[in-house]
Structure formats: C-alpha cells, structure tokens
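Reader: I would like to learn how to read aromatic pairs in a model. Please take me through some cases.

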Amino acid sequence: MTEAPRVRLVGAEIFERPVEFRFPFRFGAARVTNAPQAFVRVRVEDASGRSTIGRSAEMMMPKWFDKNPSLSPEDNVGQLRASLRLAAEGLKSLQAETAFGLHVAAETKHHQAAATHGLPPLVASYGLALLDRAILDAVCRMMGACAAEAVRNNLLGVSGVAAPDLAGFDLTRFLSRLNVSSRLAVRHTIGLADVLTVADLGAMQRPADGLPQTLEDVIAAYGHRYFKIKVSGRPAEDIERLVAIAAILDDRVGDYRATLDGNEQFENIDLVCDLLDRIEEEPRLKRLRASMLFFEQPIARAEALSKPVVAAAQRMPLEIDESDGDMGAFLRARELGYAGISSKSCKGFYRALINRARVEKWNAEAGSSHYFMSAEDLTTQAGLALQQDLVLASLVGAGHVERNGHHYVDGMAGAPEGEQLAYLSHHGDLYEGAAGQTRLAIQAGEITFATALRSVGLGSSVDPDWAAMRPVS
C-alpha cells in the first residue's frame, strides 16, 4: 500500500465572491438575502520539494454559525473571515505531516486561538474545515488520486489519535470498505418563509428566471421524494403549517420521506415533546408522521447538550447539528439520548469520517441501526463547494442529501461565463445549461455526480476563475 505523503502548507490565499439569493431565506428569526462565498487556494510541499495547489469553497452564511442577535450579518461574515485567517496561520506554522496529521496538530490550538478572539466552536470549525479540504485536494492531486481512493487507501493518514473512543476499532479497515454511490436523492428544504402554493403568492413578485418558487412548483419541476421541514419552536403554529405542507405532499408526491429541523428554536425538551405529541394526535398528519425519519437540532446549542433528551428521543430519533462544534460533540450527545449527527463540509471532512466510524462501531455493539448520520447543508453553491460536499456525503453513505442552494440561487449566478461553461463541460452529469446559466440537474428527485467522484483531487476537474474574485487580505 502507498504510504500517506507528508506535506507542509507553504501558502494559503482566501478569496470571496458575492452571491445574491432569488428570494429571502429565514434562519430562525433572521432573513438572509445575500452572502459571500469563500474560496481557499493553498500550496503544499513534500520533503522532495514537489509542490501542488489545492482548493476549497464554502458559503459564508450569516445567522447560522453564530446566532447571537446582537451581531449583524456583516459581523457574522467577519467572524468567518477571522477563522479562515487563524486556520491558515496555524497550519503554516506546522512541520510536515500527513494531511490528517496537519489537522490533528492544528485543531486544538486553532480552537483555542479562535476562542481568544471570541469565536464560538462552530465558527472556529469553519476556517479549519476549508483549509483541511484545500490541503486534502492538494494531496490527492499530488498522488494522482480521486478523494474516494485517497480515503479508502488512507493516503491522508487518518487514524484514531483524534478519537480515543475508537480504540480497538479497525479504522483502516473501515475506511477501505467505504462504498461510494454516484447518485443521491435530493432532500428539499421547506423553509419557514417559503411559499407553499401559487395561491399563497398573492402580490409577491415571481423572479424572472423561470425557476420554481412555491413548494408545488418545486415538486412539479424536480420530482422530489425527500423533504426537510423547518419548524419554529411554537408548536401550535408549527402544526398549522405542517398540516398545510402535508396536504401538498400527500396530494402531489407518492411514497415520500421527511425530516424535521428545529434550527435551535425550541427553548426546552418539553416543547419538543409537545410538538411531537400534537403531530401524533392530528389525523391530517398521519401520512407525514409515518414518513418522518428524525428531528434535527430542536434545542439551542447553549442548552442542547446540558440535559437528557430521552423523553423526546423515545418519540422520534434526535440529531445534533449546530451543537457539533468539536470532535467530541457526538460522544456527549449520545450520552444524553441523541442518536444522530449531521455531516457537513463546513464543519469538517475528517470529523464526518470519524463520526461515521462511530456510527459503525456503536451499531455493531448494539446489534441494531439505532445510530445514524445524515448529510445536510442548505446553501452549498453549485461548483467547487457543492461537488466537494457531495463526495463527502457519498463517502459517509448518505442515501439522500439536503440540497437547496439551487433553489435560492439561479445556478452559478455570479460566476463568469467561462467558469460556468467549464463546469458544464467537465461535469455534464451534474449540471445542465439553461437561460444562459449552468444549473444543477435534478431528475426524478435525484442528482448524478460520477464525474465529481472520479476527478483527481476532491470532487472537481475545474479550477475556479480566481481573477474574477476579490482577494481577502
């Protein structure tokens, strides 16, 4: 077996590109209409002096990483920029290591440095996650391997050193047996402010791009069978909206599955139980309730891991998302009654692999499939960010993935025409050209991305147009 190469980070650049939304999205009490997308470009070098470029990208979404109401969206973006700078500085100070070894050597110090700047764990994770992915991309290119091959052959040097709880678990064998699928179902998110029917539009002006806007439009255009439903933490209001949503799904979709997302809006576990009991008691929600897979992060992260959640978990499996601020979060959540954790590129590629190994270990010990991992990320944009996240979702075995960036943004709007055409040319299974834009191709509720999986590097054969971005000093 080829040994994992040892490299050092010799250069890192950060860029941004503005992204305008077709219509606002609501994160809890906040409405977001635009945000920048961050792009990272690194250069790594091995002991022989051979160097390679790697890249990564991710939206800088305000009001998710830190929901402090006293912070403006601009403040939130500033936090993410600071996290990226700290991660780059920390990694450049390290001696040569494997790709995973660099992550392990940097993680604790990076989180400590972020904390001294007032950055919460999820914000800290963002910066390190993007630098890790860019380094991973560079190492794969140095070895001439796609990311799936690099993971299965452990060319990244992944070990249990960051997760002592996996002692005795054959992590190398686990990685070697990961199967990837080039097809995933798309789980459409129904946001709190999303319009459900054409009649609900009223005087609201439709975007002129011809893309679907209402839930009815989305189902007709894309053929979704998986849905993620946002709830507000106010059970009486949530039931009314769930009834309206269920009426559409029951009428327009055949066999469907759904998840709930609380986005930290529930004050305590009693409110979660209240909503779940109301769902059970409402006859108009019978089919929707039968379709529900799990409930994602209902309680605010400040309280979510402080008390047991068994009362609600007995009604429906619970998953953490925003509470996943470090490598040990899933361990703490499990002790309190949570069974699941989300995979998100913005939280960390290696964290997702380690947590997926934990699911494998715990289920083997329990002799059941009680523990699980889902693939989530609402705003991931078409192109580099989307394709890197799809590779990760495939590696962790997700059969469906939350994907709404195409719904809130018109394809690769904001990217130069040449870059859009390059993606369409190299990744024609994933995209289609329409109205002068390169857009995600969803057919019968699914996407196909074989070209992304087999690309040398992490998910993409296209280099973004760096000259068309704004460098961040």
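This is a predicted model: local features need pLDDT of at least 70, side-chain atom pairs count only at pLDDT 80 or more; totals for chains, interfaces and linings use all residues.

Reader: How is a pair of aromatic rings described?

Author: By the distance of the centres and the angle of the planes. This structure holds 14 aromatic pairs. In one of them, phenylalanine 15 and tryptophan 466, the ring centres are 5.1 Å apart. Their planes meet at 50 degrees, so the pair is tilted.

Reader: Which parts of the chain does that pair link?

Author: Distant ones. Phenylalanine 15 is in strand S1, and tryptophan 466 is in the loop between helix H18 and strand S15. They are 451 residues apart. Both are buried. With Phe39 they form one aromatic cluster. Arginine 41 lies over the face of tryptophan 466, 4.7 Å from the ring centre.

Reader: Why is the pair of tryptophan 64 and phenylalanine 65 edge-to-face?

Author: Because their planes stand at 90 degrees, and over 60 counts as edge-to-face. The centres are 4.8 Å apart. Tryptophan 64 and phenylalanine 65 are both buried.

Reader: Now the hairpin. In which sense do S12 and S13 pair?

Author: Antiparallel, over four bridges. Tyrosine 431 faces leucine 440 in S13. Two residues separate the strands, and alanine 435 in the turn has a positive phi of about 55 degrees.

Reader: Is threonine 189 buried or exposed?

Author: Buried, because its relative accessible area is 0%, and under 20% counts as buried. Threonine 189 is in strand S4. Its side chain makes a polar contact with the side chain of glutamate 402, at 2.8 Å.

Definitions and conventions: Residues are numbered from 1 along each chain as its sequence is written. Side-chain values use heavy atoms; hydrogens and water are left out. Buried means under 20% relative accessible area, exposed over 50%, partly exposed in between (1.4 Å probe, protein chains only). A polar contact is a pair of N or O atoms within 3.5 Å; within protein, one must be able to donate a hydrogen and the other to accept it, and residues adjacent in sequence count only if both atoms are side-chain atoms. Two strands pair if DSSP finds at least two bridges between them. Rings of Phe, Tyr and Trp (its six-membered ring) pair if their centres lie within 6.5 Å; planes under 30 degrees apart count as stacked, over 60 as edge-to-face and the rest as tilted. A charge sits over a ring if NZ of Lys or CZ of Arg is within 6 Å of the ring centre and within 35 degrees of the ring normal.
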